Amino acid sequence: MSLLFSSRNLKLLTNPLNLENPITVQVLGICSALAVTVKMKPAFVMALSVTIVTAFSNLIISALRKSIPARIRIIVQLVVVAALVIMVDQLLKAFVYDVSKQLSVFVGLIITNCILMGRLEAFAMANKPWDSFVDGIGNGMGYGAILIIVSFLRELLGSGTVWGYPVMEKLGAFSVGYVNNGAMIMPPMALILIGVIIWIQRSRNKNLIESK
Amino acid sequence: MNKSNTYIFIYSTVLVVVVAALLALAATVLKPFQQKNLETAKKLEILHAVDKGWDAGSADNKNLYVDAQYNQYITRAFVFDPAGDTLPGRLAFEIDVSLEMKKDSTDRVYPVFLCTRDDGALNYIFPVQGKGLWGPIWGYIALGEDLNTITGAFFDHQGETPGLGAEINTRWFQKQFVNKKLFDEAVSFISVKVLKNNEPKLPDHSVDAISGGTITSKGVESTIAVSMKNYLPFIKKNKL
Amino acid sequence: MENHINLFVDTVFVHNMIFAYFLGMCSFLAVSKTVKTAVGLGVAVVFVMVITIPVNYLLEKYLLKEGALTWLSPGLAGVDLSFLSFIIFIAVIAAIVQLVEMVVERFSPSLYNALGIFLPLIAVNCAVLGGALFMQQREFANVWETVTFSFGSGVGWAIAIISLAAIREKIRYSNVPAPLRGLGITFILVGLMAFAFMGFMGFKL
């Protein structure tokens, strides 16, 4: 176990959660992230799907990295990623149909999720399969963490529920005049929330602040 | 690294063949599950029109539960043509209404599902299909034995605005349709209007629109009017 | 014709790729620092979308859909290749981007120099693949509608990136709180712009 999780590998796993977060620091993978964060459940499934696809595409590309001809590199990467995404899409349709209906085209858009191509180019093409696999899991989790935070806030403040459980109603908030914030369900709120998350994160880690 | 063209060619061929084979295998293995899910989803929508099946999400085996409920309540189903004559030997459940609506109006066939309620009353459930703001909306309208009074309605959508137009798939919106009527006393077709607050209400023929979701609400209105108009010959032949 | 104008206005303002669907955000945020580069990328996206989406539509209609192969032989009516659609779409996009790059390089070196670095980026621009997937979902009646749809989507994306770049050029002179500087304020800006674009909802000619 200690061989599999050397301190370097542990860093690969934990860095993307904060200092190298794919969304808030590397600015990757925002495209498909925003539309699925109205409720926690689809956000969680999306995060899981992206983690699986990132980890396995990293693994496969890294294993093949010495044999891939440079000229068709991008196409090979896209084919591998697209194949994995189709697998995930088919599995979702077969076993969690309701969620796959909510995610609709956004499952397909994992293919062009920049996290994938970004990690494949930056990491998997130059590193060993196991390290790449761990790197993929780490980045998927970093992406997932932001998705979960955003969807938690949007579901709680926008619909008054957490994972479908009516928290606000049980607390009796509605009877004292509390109303759900309709703007939270609107897609633009996701952007503003991520902006605020970046603000908080950078206030705590001064070295992430961009120079003028 | 640079490789020869032959290598690139062979490499891409092998890659494509392997990937295609894997995907075809996965698609074939998973197809039965996916089709069962689609079937369950459709059965559930039909049941929702008569206010049944809302607890399916908490059932241990959703597919089995929905099948049982469907078999219990939907006692008959048949297919009819635009002239209103029933076509024996066709399976109503297999008809895809969205495909039928794309054909010429004379070439279509329509399904209808008969539901026996707990109190023995007979309901006719008709599919409706139309467009909202962002994409298709669809649903089912249940009519009482007089083929005039609405006893239940269910709508769903593909991607209406969350919190606004998307509210058409909530129960408060759908419950408004209960006891509304399609025809007035002179037996002419009025359908059900979806009206905003400032519009004068028609007691038997209107429901409240969703504030902020006007286009979707109007989409529901025209969905019902257009679809039910197709069924008028059938309704006239069977009642009124 | 009226139908096409409506579809165009609808895809540019109401169903805007950025403000309604948030597609193509990565390059949208990365390449919107100056107006000049934003215009370059915007034009390139319009270009690629107008070519790839109709091609994908034809492939979908005559190759992938259930029963799409009947034009080859009636015996193939039951073949459903739609599970391959993601991979075909992305392959078409990648191939056409490559092709466009080569054609532009050969025939218009000045345009190539202007677009050059952006073209490869477009292959992984979610707006292009997203456009193809929405095309599939919206079930257009004929190929001309998809041309209008793709042109509108591209123009909508271009308008979004150019206006964001213009705002970012100005905001450089403002006193933004240090932790919010750069990425943070850009996110909030895009959010506010998206709220403004929601005003177009239900807009019809």
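1. Buried area here is the accessible area (1.4 Å probe) that two parts lose on being put together, summed over both. By that count, chain A and chain C bury about 3,600 Å² between them, with 82% of it on carbon and sulfur atoms. As for who takes part, 44 residues of chain A and 40 residues of chain C are in contact, contact being heavy atoms within 4.5 Å.

2. Some housekeeping before the rest. This is a predicted model, where local features need pLDDT of at least 70 and side-chain atom pairs count only at pLDDT 80 or more, while totals for chains, interfaces and linings use all residues. Residues are numbered from 1 along each chain as its sequence is written, chains are lettered from A in the order in which they are written, and side-chain values use heavy atoms, with hydrogens and water left out.

3. Helices are DSSP runs (H or I, at least four residues), numbered from the N terminus. α9(A) gives the largest share, twelve residues. By type, the side splits into 31 nonpolar, nine polar and four charged; Ala, Val, Leu, Ile, Met, Phe, Trp, Tyr, Cys and Pro count as nonpolar, Asp, Glu, Lys and Arg as charged, and the others, Gly among them, as polar.

4. Now chain C against chain B. Twelve residues from each chain make the contact, burying about 1,000 Å², 71% of it on carbon and sulfur atoms. On the chain C side, His15(C), Phe83(C) and Met201(C) lose the most area to chain B, together 40% of what that side buries. The salt-bridge count between chain C and chain B is zero.

5. One cross-chain ring pair to look at: Phe95(A) and Phe33(B) have ring centres 5.1 Å apart and planes at 50 degrees, so the pair is tilted. (Rings of Phe, Tyr and Trp, its six-membered ring, pair if their centres lie within 6.5 Å; planes under 30 degrees apart count as stacked, over 60 as edge-to-face and the rest as tilted.)

Key:
Helices (H or I, at least four residues) and strands (E, at least two) are DSSP runs, numbered from the N terminus. A salt bridge is a side-chain nitrogen of Lys or Arg within 4 Å of a carboxyl oxygen of Asp or Glu.
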